Amino acid sequence: MSSYFMALFWASVIVYGFAAVLAIWGVLLRQERVLDWAVRCTIIAFVPHAGALVLRWAAAGRPPVVGPFENTIVGAWAIILGFLILSRRYPRMKITAAVAVPFVLLTLGYSATISSAIPAYLPAYKSNWLITHVVFAWITYATYSLTAAIAAAELLKTRATRHVFVADADEGAAEGATAGRAGAEQAFKAGFWGRVPPIPALQDMAFRLVVLGFLTNAVMIVTGAIWAYKLWGSYWAWDAVETWSLVTWLAYGLYLHLKLTLKWSGPRLAWIAVVALVGIAMVFWGVQLVPSTYHLFRQMGAGRLQGLQ
Amino acid sequence: MAGRPLSPASGGERSGGDDRGLAESLIATLTSTRFAAVVMAALITMSVIGLAVPQASLLPAKDMDLWRRAYPWAAEVAAALAFDRIYNSWYFLLAVAALMLSVLLCTYKRVAAGAFRRRTPFLSARAAAKRGIPWRKIDLDPKTAARQAAAAFKAPWLRADESTAGTTRMVTWSGGRFGLVGSVVAHCALAIVAVGAVVGSLTSLQADMVITEGQTVQVGRAAFGGVRSLPVLGGVPQGFAVALDKLAFEYKKGLLEGATADMRVLEGQRVIERRVRVNYPLEHKGVSFLLSQVGYSTRLVVRKEGRLLDDTFVNLKQRYAQGFGDRYRVPGGPELPVFVVPDSRLARTESARTPYILTRPAAYLGSRESALGLVGPLEVGKTAKIAGLDVTLADVRLYSVMMVRGNQGRPILYTGLWLIVAGAIMRFADPRRELMLAIRPRRGGSEVACLGRSAYGRMGLGRMERTLGRALGTEIVSPIEEDG
């Protein structure tokens, strides 16, 4: 891979690393200015990251949709793009940087362990269904990651809120607050956690993102099945990646049912959103850990046009 | 004396009551979220097992053998518990069926419970005052405000109810009917997917078909090799033939760029021409022909002392470092190795790997290691003597082992999948929500109070509030009540 690409890639990784440290520091030590710097560093890192993708596209002569390396770096880019859009629209959501940026760093760190050589653009990859499938996979990955970040923010704020007995549910007056408690409540609202969106707003945003992710996940599965049939003659083979994408979809479907039908809310629902991220991470990363999956075109014998030349 | 009618406590009706109790209890279990969560947890656990244990359906037999030899005890346990074919196991399919049934029953319950029933407005002026919902002053008189507010929402899926309580006018908009239809569509579509999968498994055709350039093959059971499944229902589609006119390959810097097969479907007088590529199979009468393996086929005419022994195409199925080869058994004669060596190997270039380009078709017969010796390169039209036989290389062509797939359930399944997506979009595009506006007169204008009710947070309500605010010339941010 060209030295320019590697330079941009590593530059973005280093600055993301810096941003991740700042974001975690900002949240742990409740310093909003540090968190602001984390967001600025993320924006700075986003630029070489985007540049690296452009170079990759130019070098490959096609969209970067082939192979685990390309999918992880684009998936990471999609998360950052989503985060930047979210924090631009809702500046108080910048706290999600404490989860989103480290997760992106992990994703890029993983991609650094795999080959960055440009894979051949075999006939098997030349399909509009594949491109649609991969694009929706990136959106799903980004959406679920941001959901987990928001859910983590909700959990942290709930924990912080409990310590000052503030009934933050409607930002109204604390129930039964004593004079001392009222003072603590004032201090809380003026402090770091007071500037984080209220828990209902975090829950609302997490819910919206789960809805979006659920829909894009469904389209990802459907388009993948259509492409798989046209390529291999089988729309579903219980391949590891296929199975985990379905499991993830079902997990977030369960989240929606728990919220809408059983009226769950609060920490237990937030924990589901955090844990369910494992599913989509398995879809993107776990493919390397399993003995067989069609998604790496292994087990394709010589002479088979769908795989090796 | 007339017999008293059986009372509910009597024996005759008691057993009927028990049956109803059992049925109700079963339905309650099947429609409970706990049941769904347990089944999903089981499916997730089985999926994790499917990841950790090599699956026979995905790995070639030799890899599975390697695993069994490396971990014999684990392989034995896995085989006994069907962990090595978990996705076809009875317990996995049972879990999927149970989840489907649960989803369908839940959907039925929601619809039967009158989810479409119109709901009465939920707030009166007194209740609004009690709840401490803030009133906002606007310059419009109550009648104009009510008229403008009602005109602000023209969407057919929003229903407006108007009422008055003394001098206070109330308008309630409710949405979500469209969304409820979407929910029913999405959930029922899961059953359609299941039906498609079942129909697919009963009509599944999985086989290979070898076809050489210039050859026409009548589609049917006799033409198939490597049959993995035949349709249980409907039989193998017949009544048409496929012809392969030409296979062409395109290389760029030694890498395969494209492979195309010019084919024809011949059905009676009808001829349909198709250019088949990877990802673009030939489809006819529900059967798909997919480009898969490709190799060389040599037409050999074998004579012995002037007598024709054989005139046949020998497909060279084995791929070697030098090229393509196979063994050909001469009728009543020896086994003859046959090789074709592509241009790139002949040119001894490492960078140009173009195995399917052959500008000067030629073949090698025999081998150095055998008593037959090696003869070649034998060009097309030339004859060589080997093992007392006169072997003429009549032609060198390409052949394709096409995957033949049939699945009549596929259209049903695809329809179900897209209905799930469409239904889910409808569900969340029109979530169930209500926005209530109360308008009461004040000096110089009126006062408005707003309350929202939704299980979806601000989703959908925010847009309504903004529309209403624009109509009334004020900002509307309503407190939201959880939809119970």
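Is Asp390(B) buried, partly exposed or exposed? In this predicted model, Asp390(B) counts as partly exposed, at 23% relative accessibility. The legends below begin with its salt bridge.

**View 1. Lys385(B) and Asp390(B) form a salt bridge in chain B.** Their side chains meet with N and O 3.0 Å apart. Lys385(B) is exposed, its relative accessible area being 60%.

**View 2. Arg85(B) is paired with Asp84(B).** The N to O distance of this salt bridge is 2.7 Å. Asp84(B) is buried, with 5% relative accessibility, whereas Arg85(B) is partly exposed at 40%.

**View 3. Glu335(B) and Arg327(B) form a salt bridge.** Here N and O are 3.3 Å apart. Glu335(B) has a relative accessibility of 34% and counts as partly exposed.

**View 4. A network of salt bridges lies in chain A.** The residues linked in it are Glu32(A), Asp36(A), Lys94(A) and Arg195(A). Over all chains, the count of salt bridges is 25.

**View 5. Chain B meets chain A through 62 residues of chain B and 59 of chain A.** Together the two chains bury about 5300 Å², 67% of it on carbon and sulfur atoms. Of the area that chain B buries against chain A, Leu51(B), Leu58(B) and Asn279(B) supply 14%, more than any other three residues.

**View 6. Polar and charged pairs cross the interface of chain B and chain A.** The rule finds 2 salt bridges there, and 7 residue pairs are in polar contact. Lys230(A) forms a salt bridge with Glu283(B), with the closest N and O atoms 3.8 Å apart. On the side of chain B that touches chain A, several elements each supply at least two residues, among them helix 2 (33-52), strand 11 (287-304) and helix 10 (410-429). Helix 10 of chain B gives the largest share, 10 residues. This side of chain B has 38 nonpolar, 14 polar and 10 charged residues.

**View 7. The largest nonpolar core has 189 residues.** Those with the most contacts inside this core are Phe207(A), Val242(B), Phe249(B), Phe289(B) and Tyr296(B). Helix 8 of chain A (residues 199-232) contributes the largest share, 21 residues. Another core, of 18 residues, lies apart from it and includes Ala146(B), Val171(B), Met464(B) and Ile476(B).

Technical notes. Residues numbered from 1 in each chain as written. Chains lettered and ligands numbered in written order. Predicted model: local features only at pLDDT ≥ 70, side-chain atom pairs only at ≥ 80, totals over all residues. Heavy atoms only, no water. Core = buried A, V, L, I, M, F, W, Y, C linked by side-chain atoms within 4.5 Å. Buried < 20%, exposed > 50% of the residue type's maximum accessible area, 1.4 Å probe, protein only. Helix = DSSP H or I, 4+ residues; strand = E, 2+ residues; numbered from the N terminus. Contact = heavy atoms within 4.5 Å. Buried area = accessible area lost by both parts, 1.4 Å probe. Salt bridge = Lys/Arg side-chain N within 4 Å of Asp/Glu carboxyl O. Polar contact = N/O pair within 3.5 Å; in protein donor to acceptor, adjacent residues only side chain to side chain. Nonpolar A, V, L, I, M, F, W, Y, C, P; charged D, E, K, R; others polar.
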